[in-house]
Amino acid sequence: MLWLLLLSSSKNKVFVRDTRVKRCACEQCGHEFEYEIEREAGGKDNSLFSWDERDAFRKAEADAQKNVSKLLDAQDDAVPCPDCGWVQTGMIVAVRRQSYLRLKEVFELGMFLTITGVILPLLLAALFLFTSSVNSGVHGDMTFTLLSVAGILAVVGGVPTFLLWLLRHLLNAAYNPNANPKARG
Ligand SMILES: [Zn+2]
């Protein structure tokens, strides 16, 4: 019973919010400024066993702290230069990278399914070729069918996956805070 209790408590997620001051020299006017970004991340107790709930909480907190630290390292906000209003290229790249993440997930799933869908019949076709006599007509037909399936799956999976990639690319390209000076804030 106690084990069960600890096991279930170890699944509890702990959220940590943290800030980091980033320094920047404006690529447009050279003005140096500081700004603060804030992120929140969850963490959980990933260990197999924790002595008590407090122990589990501490581990989850450390995990969340590690995750939020990673986010603060990798991410950025679009903070306009206080002197000239320019938004740094690196900031725009970072904001784009953290945008439309659901679209990115679906794209990656599409890539995975397409590649798997193409590789499987190809592997089967190779297997048929190696295990059968080359002159056997039945196996030749089978190989041809499998190659056709691979080709069809490549198109059926590849085209929508490419369109997803293109959509995210276009949506991200549309985000350019420097294109409209009035929007600078
Ligand atoms: Zn500037």
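# Close-up views of a predicted model

**Figure 1. The strand pair β1 and β2.** Strand β1 (residues 13-25) and strand β2 (residues 32-44) run antiparallel and are joined by 13 bridges. The coordinates shown here and in the other views belong to a predicted model. Two facing positions can be picked out along this pair: Arg-20 stands opposite Ile-37 in β2, and Arg-23 stands opposite Glu-34 in β2. The hairpin of β1 and β2 has six residues between the strands, and Gly-30 in this hairpin takes a positive phi near 85°.

**Figure 2. The protein chain as a whole and the confidence of the prediction.** The secondary structure of the protein chain comprises five helices and two strands, and from the N terminus on its elements follow the order α-β-β-α-α-α-α. Of the 185 residues in the protein chain, 10% are buried. Among contacts with a separation of 6 or more, 66% are accounted for by residues 24 or more positions apart. The mean pLDDT of the protein chain is 87, with 88% of its residues reaching 70 or more. Among the elements, β2 has the highest mean pLDDT (95), whereas helix α1 (residues 2-9) has the lowest (45). Over residues 1-10 the pLDDT stays under 50, and for this stretch the model has seven contacts beyond four places in sequence. Where pLDDT is low, the predicted coordinates should not be read in detail.

Figure 3. Asn-46, for its part, is ten residues from Ala-56 in sequence and 8.7 Å from Ala-56 in space, C-alpha to C-alpha.

**Figure 4. Helix α2 and the largest nonpolar core.** The largest nonpolar core is made up of five residues, namely Ala-41, Ala-56, Ala-60, Ala-64 and Val-68. Four residues of this core, its largest share, come from helix α2 (residues 53-74). The 22 residues of α2 should span 32 Å at 1.5 Å a residue, and the end C-alpha atoms of the helix are 31 Å apart, which agrees. The buried residues of α2 are Ala-56, Ala-60, Asp-63, Ala-64 and Val-68. Seen down the axis of α2, these buried residues fall within an arc of 135°, so they line one face of the helix. An α-helix has 3.6 residues a turn, so residues three or four places apart point the same way. The face of α2 turned away from its buried side carries the exposed residues Arg-54, Lys-66 and Asp-73.

Figure 5. Tyr-100 lies in the loop between α3 (89-97) and α4. This residue has a positive phi of about 50° although it is not a glycine. Most residues other than glycine have a negative phi. With 18 other C-beta atoms within 10 Å, Tyr-100 is partly exposed, since that class falls between the limit of 12 or fewer for exposed residues and that of 20 or more for buried ones.

**Figure 6. Helix α4.** Helix α4 (residues 101-131) has 31 residues, and the distance from its first C-alpha to its last reaches 44 Å, close to the 45 Å expected at 1.5 Å a residue. Phe-107, Thr-114, Pro-121 and Ala-125 are buried in α4. Arg-102 is also placed in helix α4, but this residue counts as exposed because it has 8 C-beta neighbours inside 10 Å. The C-alpha atoms of Arg-102 and Arg-168 are separated by 9.9 Å, while the two residues are 66 residues apart along the chain.

Technical notes. Residues numbered from 1 in each chain as written. Predicted model: local features only at pLDDT ≥ 70, side-chain atom pairs only at ≥ 80, totals over all residues. Core = buried A, V, L, I, M, F, W, Y, C linked by C-beta atoms within 7 Å. Expected span 1.5 Å × (residues − 1). Pairing = 2+ DSSP bridges. Contact = placed C-beta atoms within 7 Å. pLDDT = per-residue confidence, 0-100. Arc of directions from axis to C-beta.
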